[in-house]
Amino acid sequence: MLKIFLCDDDMFFLSLETDLIERIIKEDGLLAAIAGKATSISETLTFLKNNPGHYLVFLDLDFGKNQPNGIDISVALKKQTRNIHIVFTSNHHEMAMNVLKSGAEPFGFLEKGTDMKLLSSGFRRYIHMALHMEQEEAGSKDTVCLTVGLGETVEIDVSDILYLEAEKGVSHGITYHTVNGSKITVLGTLGAEAKRLGENFLRVHRSFLVAKKQMIGLHGGFLILSDQRQIPCSLRMQTEVKRWLQKK
């Protein structure tokens, strides 16, 4: 999940960029969210110190006379954390050169302006760029993206999946059960999910697909999972389950 932070002393623009970014996230179905907003350097530094993580920050360059500017804030943020991409927003084109001379290493620049289409396009471009970089940095981390609604997705680590269950009361409904007890229901089939998840999952019953590493025992036709939950195991699959358990 990409965390987005907004910092601008202009409350009108802060509200405007909030609305535009939230609309982009919804329209594009992105794994991103606005995690916080601030109007000053102190608020920004306090929030990011108390809420560490990877952030895309849209940062105003001009905070008024005798106030730290965006470059000052950027330097302070980079000292506090390296997991941050900063896009400077401003109406002052001449300040962009000052940013480059400062060595602030901006992720990009965005002109505030009055052209909402152009502004929205800029926000969209940088959000997609940050998401792409985040995915590259994650490297081989094994995750699965689940569509839970119109334009709404959830990404979970494959290692957190306990088992999948076909819902009897929901046509083509599949529920992901995780090791922390959460449940996520999506539309699909166990066959399709088995292909997507790969060889580390086993179809032990027509209604259940289980993470192999979560299987710890078999008793009376029921498979015992790591959280001591028991789910049915079909007779034809019991030999394969026993073979797997013997390997552990």
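The second largest pocket of this predicted model has a volume of about 160 Å³, the volume being the space filled by probe spheres set on grid points joined across faces, edges and corners. A pocket is here an open set of points on a 1 Å grid over the protein atoms alone, where a 1.4 Å probe fits, with protein on both sides within 12 Å along at least five of seven lines; lining residues have an atom within 4 Å of a point. The lining includes Asp142, Glu199, Lys212, Lys213, Phe201 and Trp244. By class, 6 nonpolar, 2 polar and 4 charged residues contribute to this lining.

The count of salt bridges comes to 6, each defined as a side-chain nitrogen of Lys or Arg within 4 Å of a carboxyl oxygen of Asp or Glu. Asp8 and Lys112 form one of them, at 2.9 Å from N to O. This pair links distant parts of the chain, 104 residues apart: Asp8 lies in the loop between strand 1 (2-7) and helix 1 (11-28), and Lys112 in the loop between strand 5 (108-111) and helix 5 (116-138). Asp8 is buried at 0% relative accessibility, and Lys112 is buried at 11% (buried, under 20%; exposed, over 50%; partly exposed, in between; 1.4 Å probe, protein chains only). Asp60 joins Asp8 and Lys112 in a network of salt bridges.

A further salt bridge connects Glu193 and Arg196 (3.0 Å, N to O). Glu193 is buried, at 8%, whereas Arg196 is partly exposed, at 42%.

Residues are numbered from 1 along each chain as its sequence is written. Local features need pLDDT of at least 70, side-chain atom pairs count only at pLDDT 80 or more, totals for chains, interfaces and linings use all residues, and side-chain values use heavy atoms, with hydrogens and water left out.

Methods:
Nonpolar A, V, L, I, M, F, W, Y, C, P; charged D, E, K, R; others polar. Helix = DSSP H or I, 4+ residues; strand = E, 2+ residues; numbered from the N terminus.
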